[in-house]
Amino acid sequence: MTVHLLLSAGRGPQECAWALARLLRRLEADAHRQGLATHRVETVAGDRPGTYRSVLVRITGAGAEAFAASWTGTLCWQAPSPYRAGAGRKNWYVTAQPCQVDTPRTTFTEADVDIVACRTGGPGGQHRNKASTAVRATHRPSGIVVVVDTERQFSLNRRIALQLLRQRLEHGDEAAGRAVTTARWRLHDELVRGNPTRIERPATSDQDPPQEKGRQQRRQPGRQAGPGTSPRGR
């Protein structure tokens, strides 16, 4: 099973793009522990090195849908800002939503089309009114129907009808693809700050190492020697 998850920092500050990068690594590590494969399909870099405004992740494996659901919603990375010293805010929000990436393309075959000869009214001469030269073509999988009576020969109307069906199916696939892309971009504006579904914090290994306190104080004059040591001057 394959699921696509879109992580977005929305219109948040640069710390949100920083938080997204950390949450992404946390998600990938969690997926690896559960035997799932992840792949960054598309990334939009943030203003700072190593940060992301958005990332589209493909998750593959048994249980991918349940795993994606556990990471869906408003995610919170709880840590001090690395860019603004002394800032009181420690909660940085990211949204994660499953999304559709590709739309299935409709395969057109003449075997899926029902062709029926019919008569149509209106001007066109005696032959057109007496003979069934018009064509009614129905594409069964999609339900699209076209009627063609522009030519006086059935074979020509049939050819035109098949071309029209093919064109309408292609246009429908293109419109569906644009709708999927539009829906994906709308997710960037759906970030709701507060009430997160998941809160993550830096692990001990993620913390910056403590600063060295400096060299150990020199032994003060007159300090007694420890056991097992020889007094100075002896």
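Colour the chain from the N terminus onward: its elements follow the order β-α-β-β-α-β-β-β-α-β-β-α-β. That makes four helices and nine strands, where helices (H or I, at least four residues) and strands (E, at least two) are DSSP runs numbered from the N terminus. The model is predicted, so local features need pLDDT of at least 70 and side-chain atom pairs count only at pLDDT 80 or more, while totals for chains, interfaces and linings use all residues. Residues are numbered from 1 along each chain as its sequence is written, and side-chain values use heavy atoms, with hydrogens and water left out.

**Confidence**

The chain averages 80, and 74% of the residues score at least 70. Next select residues 208–234, where pLDDT stays under 50 and the model has zero contacts beyond four places in sequence; a contact means heavy atoms within 4.5 Å.

**The six-stranded sheet**

Select β2, β3, β1, β5, β4 and β9, which in that order form an open sheet with mixed pairing. Two strands pair if DSSP finds at least two bridges between them. Strands β2 (37–45) and β9 (198–200) are the edges; each has a single partner strand, so one side of each lacks a neighbour in the sheet. From one strand to the next, the twist averages 25 degrees.

Now centre on strand β1 (residues 2–8). Six of its seven residues are buried, that is, under 20% relative accessible area, with exposed meaning over 50% and partly exposed in between (1.4 Å probe, protein chains only). Strand β1 runs antiparallel to β3, with seven bridges joining the two, and pairs in the antiparallel sense with β5 (residues 91–98) over four bridges. Display L6: its bridge partner in β3 is L56, and Q97 stands opposite L6 in β5. For L7, the bridge partner in β5 is A96.

Move to the hairpin of β2 and β3. These strands run antiparallel and are joined by eight bridges; T43, for instance, has V55 as its bridge partner in β3. Six residues lie between the strands of this hairpin, in which G50 takes a positive phi near 80 degrees.

**Helix α1 and the cores**

Which residues beyond its sequence neighbours does E28 contact? Select E28, which is found in helix α1. Leaving aside neighbours within four places in sequence, E28 is in contact with T38 and R40. The side chains of E28 and R40 make a polar contact at 2.7 Å; such a contact is a pair of N or O atoms within 3.5 Å, and within protein one must be able to donate a hydrogen and the other to accept it, residues adjacent in sequence counting only if both atoms are side-chain atoms.

Then show the largest nonpolar core, a set of 28 residues in which L5, L7, L20, I59, F67 and W71 touch the most other members. A nonpolar core is a set of buried Ala, Val, Leu, Ile, Met, Phe, Trp, Tyr and Cys residues joined through side-chain atoms within 4.5 Å. At least two residues of this core come from each of β1, α1, β3, α2 (64–70), β4 and β5. Helix α1 supplies the largest share, nine residues. Zoom in on F67: not counting residues up to four places away in sequence, F67 touches L27, D30, A31, Q34, L36 and I59. A second, separate core has ten residues, including V146, V148, L165 and L169.

**The three-stranded sheet**

Select β6, β7 and β8, an open sheet in that order with antiparallel pairing. Its edge strands are β6 (113–118) and β8 (144–148), each pairing on one side only. The twist here averages 15 degrees from one strand to the next. Strand β7 (residues 134–139) pairs with β8 over five bridges, and R136 stands opposite V147 in β8.

**Whole chain**

Of the 234 residues in the chain, 32% are buried. Among contacts with a separation of 6 or more, 64% involve residues 24 or more positions apart.

Definitions and conventions. pLDDT = per-residue confidence, 0-100. Axes fitted to C-alpha atoms, helices over the stretch in contact; angles between N-to-C directions.
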